[in-house]
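Here is a short note for a colleague opening this structure for the first time. Please keep the view at hand while reading the points below.

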Amino acid sequence: MSSERFTLPTRLDAASGIDLHMHSTASDGAFSPTDLVHLAAARGVKFMALTDHDTLAGVDEACAAGRAAGVAVLPGVEVSSQWQGVGIHIVALLPQAPGDILLEGLARQAEARLARNEEVARRLEKAGFSDAWRKAQQQAGERTALGRPDFARAMVEEGLVPDMKTAFRKYLGAGKVGDVKQPWPGLSAAIDWIVAGGGIALVAHPLRYRLTRKKLTALLDDAGTAGAAGAELVSGFQNEDQGRDLAQILTRRSMMGSLGSDFHFQGGPVAPGRFGAIPRTALPPVWTHPRLSEWCRQNGLSDADPL
Ligand code: AMP
Ligand code: MN
Ligand code: MN
Ligand code: MN
């Protein structure tokens, strides 16, 4: 850790150098955990979380790289769940050590994913993509918990579609042949797993689900009741007016706010530490959560000086 201490901002809208949602090759990101940390460091990120889909596999490597590069790397995971028929992602920050119910839950998620991927492959083969499983596995390297992006990349490689976006639009996106529903745990079960292990649960990218305002508030109410500490106020690039409205919705519910790029790979509009405008708000930042602020102090991040 570099000797220069990073002072945590007291307000979300004063934050910079912070990114609490990113992916590595442990799930569907393009960079290894180490390379991701180096990229983040080069972009001025001082405080980050690695939040791969349903796995903590990249966390140890990222934390070690962070210690060497002077970046505080928070262990995290983005847990897939479902609520009222909608797939909802829950970001867990600071999930606990091995042996807890979150890890058992994630192991079951991996098994379910394996079974589901066999069905995705079977359907894509029927749609004309021969040997889909083997080709997607090739894209994933050693990783066994394939996701739809691996199938998409394999289809691009095969020349069946020009790019990943088209692969999702034609074959893998919502309602398409390769969109095999997975029996994810319910929202409150996923939050239970996280909270029981001492982690902090946050509704990931609330604006990405395209819910009506009424459904969005119901989702946040249910998440709060289940024990979520808050939600991501800004995730990637999002509509500024909607962000302002979200800040109000969260404030009224006494929830906390987090910030993250949801970075997967270069070439898009987001990068480590780079995401949409943060609305003016007094919503408490998630790093002021008692458990997280303790972790921050222990990891070389200091609270803002009292005025
Ligand atoms: P899976 O975990 O197999 O359901 O795949 C979901 C992942 O696919 C998401 O986390 C995104 O990274 C990616 N994804 C979903 N929809 C799209 C899309 N329309 N275009 C590109 N990537 C997508
Ligand atoms: Mn993803
Ligand atoms: Mn997500
Ligand atoms: Mn994500």
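**Notes on the predicted model**

1. Start at the surface. Arg 169 is exposed, with a relative accessible area of 55%. Exposed means over 50% relative accessible area, buried under 20%, and partly exposed in between (1.4 Å probe, protein chains only). Arg 169 sits in helix α6, residues 164-172. Helices (H or I, at least four residues) and strands (E, at least two) are DSSP runs, numbered from the N terminus.

2. A word on the basis. This is a predicted model, in which local features need pLDDT of at least 70 and side-chain atom pairs count only at pLDDT 80 or more, while totals for chains, interfaces and linings use all residues. Residues are numbered from 1 along each chain as its sequence is written, chains are lettered from A and ligands numbered from 1 in the order in which they are written, and side-chain values use heavy atoms, with hydrogens and water left out.

3. Back to Arg 169. Together with Lys 165, Lys 170 and Lys 176, Arg 169 forms a positive surface patch. Such patches take residues with over 30% relative accessible area and no salt bridge, with like charges joined within 9 Å. Lys and Arg count as positive; His and the chain ends are not counted.

4. Now the metal. Which residues are the protein donors of the manganese ion (ligand 4)? They are His 21 (NE2), His 23 (NE2), Glu 78 (OE) and Asp 262 (OD), and they lie 2.1 to 2.2 Å from the ion. Donors are N, O and S atoms within 2.8 Å of the metal (3.2 Å for Na, K and Ca); water is not among the atoms, so sites may look incomplete.

5. Look at the donor spacing. Along the sequence, the donor residues of ligand 4 follow the pattern H-x1-H-x54-E-x183-D. His 23 and Glu 78 link distant parts of the chain, being 55 residues apart. His 23 is in the loop between β2 (18-19) and α1 (33-42), and Glu 78 is in strand β4, residues 72-83. His 23 counts as buried because its relative accessibility is 0%. Glu 78 is buried too, at 1%.

6. Check Leu 20. Leu 20 lies in the loop between β2 and α1. Its relative accessible area is 0%, so Leu 20 is buried. Leu 20 and Ser 258 are 238 residues apart in sequence, yet 7.1 Å apart in space, C-alpha to C-alpha.

7. Next, charge pairs. Side chains of opposite charge can pair when their charged atoms come close. A salt bridge here is a side-chain nitrogen of Lys or Arg within 4 Å of a carboxyl oxygen of Asp or Glu. How many salt bridges does this rule give? The count is 14.

8. One pair to inspect is Arg 253 with Asp 221, a salt bridge of 2.6 Å, N to O. Arg 253 lies in the loop between α9 (240-252) and β8 (256-260) and Asp 221 in helix α8 (residues 213-226), so this pair ties together parts 32 residues apart in sequence. Arg 253 is partly exposed at 27%. Asp 221 is partly exposed at 36%.

9. Other pairs deserve a look. Arg 11 bridges to Asp 13, with the closest N and O atoms 2.8 Å apart. Arg 11 is partly exposed at 32%, and Asp 13 is partly exposed at 24%. Arg 134 forms a salt bridge with Asp 131, the closest N and O atoms being 2.8 Å apart. Finally, Glu 119, Arg 122 and Arg 123 are linked in a network of salt bridges.

How values were computed:
Patch = residues over 30% accessible without salt bridge, like charges linked within 9 Å, V, L, I, M, F, W, Y side chains within 5 Å. Areas by Shrake-Rupley, 256 points an atom, 1.4 Å probe, with all protein chains shown as cover. Charge placed at Lys NZ, Arg CZ, Asp CG, Glu CD.
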